[in-house]
Amino acid sequence: MDSSKDEDHRKRIQILMFPWLAHGHISPFLELAKRLASKNFYIYFCSTPINLSSIEHQLIDRDRNQTRSIEVVELNLPSLPNLPPHYHTTKSLPHHLMPTLKKALDLSAPSFNNLLSTIQPDILIYDFIQPWAPTQASCLNIPAIQLLTTGAAFTSFFAHLVKKHPDTKFPFPSIYLYDHEECKFTKKSSFSDDSEDRVRVFQCIDRSTDIVLINTFKEIEEKYLDYLSSTIGKELVPVGPLLQNPTNSTGCDHEQENKYRELLANKEKLQ
């Protein structure tokens with residue numbers, strides 16, 4: 001990085017964004033990154049090389065000032081048996097390797113700490129399953145804020161199931177579990193891997209500095225936002241909906257869309 005660019009970065013608030021290694025999480029993180037970049041924040045977007053390569057086309061944006069303000073940062077996971085680099089993502093990952101991927105991410109914590117120390121961002125925005133990330137940031141006096149990528153209705157119901165007494169009814173009766181679903185939920189809670197993940201989820205929430213960002217908007221989920229806030233003891237800041245803007249699609253996206261249209265048209269002719 002040349003000195004002029006370095007000086008430009010220092011004049012702006014710098015944010016390091018660190019989503020979980022799934023495209024369902026990377027996508028809303030990236031859309032928030034674009035919004036923040038358009039407000040003159042400088043964004044470092046951290047993920048594995050395989051994930052970063054898959055979003056390169058989304059950074060070829062018509063708004064060049066916006067995408068010049070987003071810099072990708074590679075996090076290389078350690079080599080583990082049966083987990084080559086092309087599996088450092090949930091995309092096409094065999095289900096039985098999910099625990100191995102989570103373990104690899106945990107083992108990358110020292111590498112992430114080095115990135116934090118080198119970049120020294122003003123803020124870290126992190127995801128739901130890496131509670132060590134906000135802890136590392138806190139040790140470096142860097143505020144860390146969680147982004148919940150799910151909506152408030154689902155998240156408030158999940159938080160209720162985990163944190164409230166089983167006899168306490170969810171206050172919005174239109175959302176509930178059937179008896180067989182409740183039995184399955186209770187049974188899964190006894191599994192060590194599932195139980196550990198739930199602990200991590202709430203550790204991430206607890207370690208968020210003052211607020212938690214959430215991918216929704218108040219106009220349609222206000223009652224769920226209020227209930228979730230009271231359940232987890234954090235102020236929630238809606239930043240959604242975080243959806244990819246179709247007007248920013250690349251030529252490649254348009255070609256793919258045209259191909260789908262052609263396939264559908266041919267199918268209709270055959271019917």
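What percentage of the 271 residues in the protein do buried residues make up? Buried residues, meaning those under 20% relative accessible area with a 1.4 Å probe and protein chains only, make up 44% of the 271 residues. This is a predicted model, in which local features need pLDDT of at least 70 and side-chain atom pairs count only at pLDDT 80 or more, while totals for chains, interfaces and linings use all residues. Residues are numbered from 1 along each chain as its sequence is written, and side-chain values use heavy atoms, with hydrogens and water left out.

**View 1. The whole protein.** The protein has 12 helices and 7 strands, which are DSSP runs numbered from the N terminus (helices H or I with at least four residues, strands E with at least two). Among contacts (heavy atoms within 4.5 Å) between residues at least 6 apart in sequence, 71% join residues at least 24 apart.

**View 2. The largest nonpolar core.** A nonpolar core is a set of buried Ala, Val, Leu, Ile, Met, Phe, Trp, Tyr and Cys residues joined through side-chain atoms within 4.5 Å. The largest one has 32 residues, and those that touch the most other members are Leu16, Phe18, Cys46, Leu75, Leu105, Phe112 and Leu124. Strands S1 (14–18), S2 (42–47) and S4 (123–126) are among the elements that give two or more residues to this core, as are helices H5, H6 (109–119) and H7 (132–139), and H6 provides the largest share, 5 residues.

**View 3. Around Phe18.** Leaving aside residues up to four places away in sequence, Phe18 touches several residues, including Phe29, Cys46, Leu75, Phe112, Tyr126, Asp127 and Trp132. A second, separate core of 21 residues includes Met17, Ile26, Leu32 and Leu242.

**View 4. The largest pocket.** A pocket is an open set of points on a 1 Å grid over the protein atoms alone, where a 1.4 Å probe fits, with protein on both sides within 12 Å along at least five of seven lines, and its lining residues have an atom within 4 Å of a point. The largest pocket holds about 720 Å³ of space, a volume being the space filled by probe spheres set on the points, which are joined across faces, edges and corners. Of its 32 lining residues, Phe128, Phe154, Phe158, Arg198 and Val201 lie nearest the centre.

**View 5. The second largest pocket.** About 520 Å³ of space lies in the second largest pocket, where His160, Leu161, Pro166, Thr168 and Glu182 are the closest to the centre among 20 lining residues. H8 and H9 are the elements that give two or more residues to this lining, and H9 gives the most, with 5 residues.

Technical notes: Buried means under 20% relative accessible area, exposed over 50%, partly exposed in between (1.4 Å probe, protein chains only).
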